[in-house]
Amino acid sequence: MKHCLTYIIALLMVMGCKPTVPSEYIQPNDMENILYDYHLAIAMAKSDYASSPDVQQNAYFQAVLKKYDVTEAVFDSSLVYYYSHLDRLKDIYGNVNMRLADEAERIGAVVGDLHQYSQYGTSGDTANIWVGPVDVMLIPRTVNNRFDFTVNADSTFLLGDSFMFQFMTEYIWQSGAPSATVAICARYENDSITFHSANVATQKGICQLRVPSNTTSRLKDLRGFVYLGSEESGDIRRLMFISQMQLIRFHNKNLQETANERTDSVKTDSLKRSAHDARAVADTASRNLGSGLRSKSGPFRKGGGKN
């Protein structure tokens with residue numbers, strides 16, 4: 001019994017421990033530091049117009065690898081390993097993204113439009129109604145190169161609502177320009193459909209896609225996706241990290257005020273008609289009383305009686 005208990009405890013400890021990354025690959029903490037410096041270096045490369053972007057970015061990338069004493073072959077093989085363990089890579093990039101945001105704030109960079117809606121809840125005239133994952137990792141491989149989502153309308157959605165889907169992006173792209181698209185299909189109760197899309201590959205940083213107001217029919221649902229091109233290529237270093245996803249809903253105040261005014265007008269008219277009908281009933285009762293009915297206080301005599 002004692003040996004059995006010891007075995008169970010040992011098994012639980014093994015199950016509770018997170019598997020370690022094999023020693024031949026870059027460990028998570030080191031990978032985080034390399035990727036952090038990589039994105040800082042790429043930002044510097046893009047501000048240096050001395051040579052072509054690909055050549056300049058590769059030079060900065062090599063400088064980062066040299067700083068950490070890592071060969072390009074080891075980095076690429078490690079990236080392939082993390083491609084097969086996307087949850088780990090997603091966690092690493094989450095930390096990298098926070099560090100980049102802190103650095104941008106430290107040097108006084110403009111935060112941008114993304115954070116101006118961060119204080120909004122899920123209700124009100126302006127609300128962040130996103131309930132899905134806020135961070136997604138995409139790589140150009142089938143199944144892992146597309147993120148789909150659906151948002152169903154509820155009682156808080158009103159006629160004339162408009163929407164904005166927005167997020168932040170970071171890329172690793174070995175050569176050439178990445179190919180990425182965000183799209184949203186809006187379906188309405190009158191069976192009409194609108195489609196909206198944008199190329200987000202060239203918009204490193206904040207990306208936004210707007211769904212304009214529809215004043216003729218209420219929304220039924222929004223169905224969208226973010227797609228990273230998966231064309232065949234010998235390049236290993238290809239990925240897209242999406243973070244801070246938000247779906248902002250805007251009520252159309254002018255339309256709602258007009259609707260409220262119409263509702264108030266209908267209520268006022270209903271009250272006037274009710275009052276008019278009440279007076280009409282009272283007048284009819286009064287006329288009936290004078291033409292055939294007797295007051296309870298008046299004298300009553302039996303027909304044909306004698307004095």
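This is a predicted model: local features need pLDDT of at least 70, side-chain atom pairs count only at pLDDT 80 or more; totals for chains, interfaces and linings use all residues.

Student: How many of the contacts between residues at least 6 apart in sequence join residues at least 24 apart?

Tutor: The share is 79%.

Student: Why are helices α2 and α4 called roughly perpendicular?

Tutor: Helix α2 covers residues 28-46 and helix α4 covers residues 72-83; they pack at an angle of about 115°, with their axes 12 Å apart. Angles from 65 to 115 degrees count as roughly perpendicular, and α2 and α4 are therefore described in that way. The crossing in which α2 passes α4 is left-handed.

Student: What makes the contact of α2 with α4 nonpolar in its classes?

Tutor: On the α2 side the contact is made by Pro28, Met31, Ile34 and Leu35, and on the α4 side by Phe75, Leu79 and Tyr82. Pro, Met, Ile, Leu, Phe and Tyr count as nonpolar. The tally for this contact is accordingly 7 nonpolar, no polar and no charged residues.

Student: What makes α4 and α5 roughly perpendicular?

Tutor: Their angle is about 110°, and their axes are 6 Å apart. The range for this term is 65 to 115 degrees, and α4 and α5 are therefore roughly perpendicular to each other. Tyr81, Tyr82 and Tyr83 of α4 meet Leu86, Arg88, Leu89 and Ile92 of α5.

Student: Which classes does the contact of α4 with α5 contain?

Tutor: It has 6 nonpolar, no polar and 1 charged residues. Arg counts as charged, and Arg88 of α5 takes part in this contact.

Student: How do you know that arginine 88 is buried?

Tutor: Arginine 88 has a place in helix α5, residues 86-106. Buried means under 20% relative accessible area; at 12%, arginine 88 therefore counts as buried.

Student: Why is α2 called oblique to α5?

Tutor: These helices pack at an angle of about 45°, with their axes 9 Å apart. Roughly parallel requires an angle under 35 degrees, and roughly perpendicular requires 65 to 115. The value for α2 and α5 makes them oblique. Their crossing is right-handed. Among the residues making the contact are Glu32, Tyr36 and His39 of α2 and Tyr93, Asn95 and Arg99 of α5.

Student: Which classes does the contact of α2 with α5 contain?

Tutor: By class, it has 9 nonpolar, 3 polar and 3 charged residues.

Student: What makes isoleucine 172 a buried residue?

Tutor: Isoleucine 172 belongs to strand β4, residues 162-173. The limit for buried is under 20%, and isoleucine 172, at 1% relative accessibility, therefore counts as buried.

Student: Which residues does isoleucine 172 touch, not counting those up to four places away in sequence?

Tutor: They are Leu35, Tyr38, His39, Tyr93, Arg237, Arg238 and Leu239. Leu35 and His39 also take part in the contact of α2 with α5, as does Tyr93. Isoleucine 172 and isoleucine 236 are 64 residues apart in sequence, and their C-alpha atoms are 9.6 Å apart in space.

How values were computed. Residues are numbered from 1 along each chain as its sequence is written. Side-chain values use heavy atoms; hydrogens and water are left out. Axes are lines fitted to C-alpha atoms, for helices over the stretch in contact, and angles run from 0 to 180 degrees between N-to-C directions. Helices (H or I, at least four residues) and strands (E, at least two) are DSSP runs, numbered from the N terminus. Angles under 35 degrees count as roughly parallel, over 145 as roughly antiparallel, 65 to 115 as roughly perpendicular and the rest as oblique. A crossing is left-handed if the near helix is turned anticlockwise from the far one by less than a right angle, and right-handed if clockwise. Contact means heavy atoms within 4.5 Å. Buried means under 20% relative accessible area, exposed over 50%, partly exposed in between (1.4 Å probe, protein chains only).
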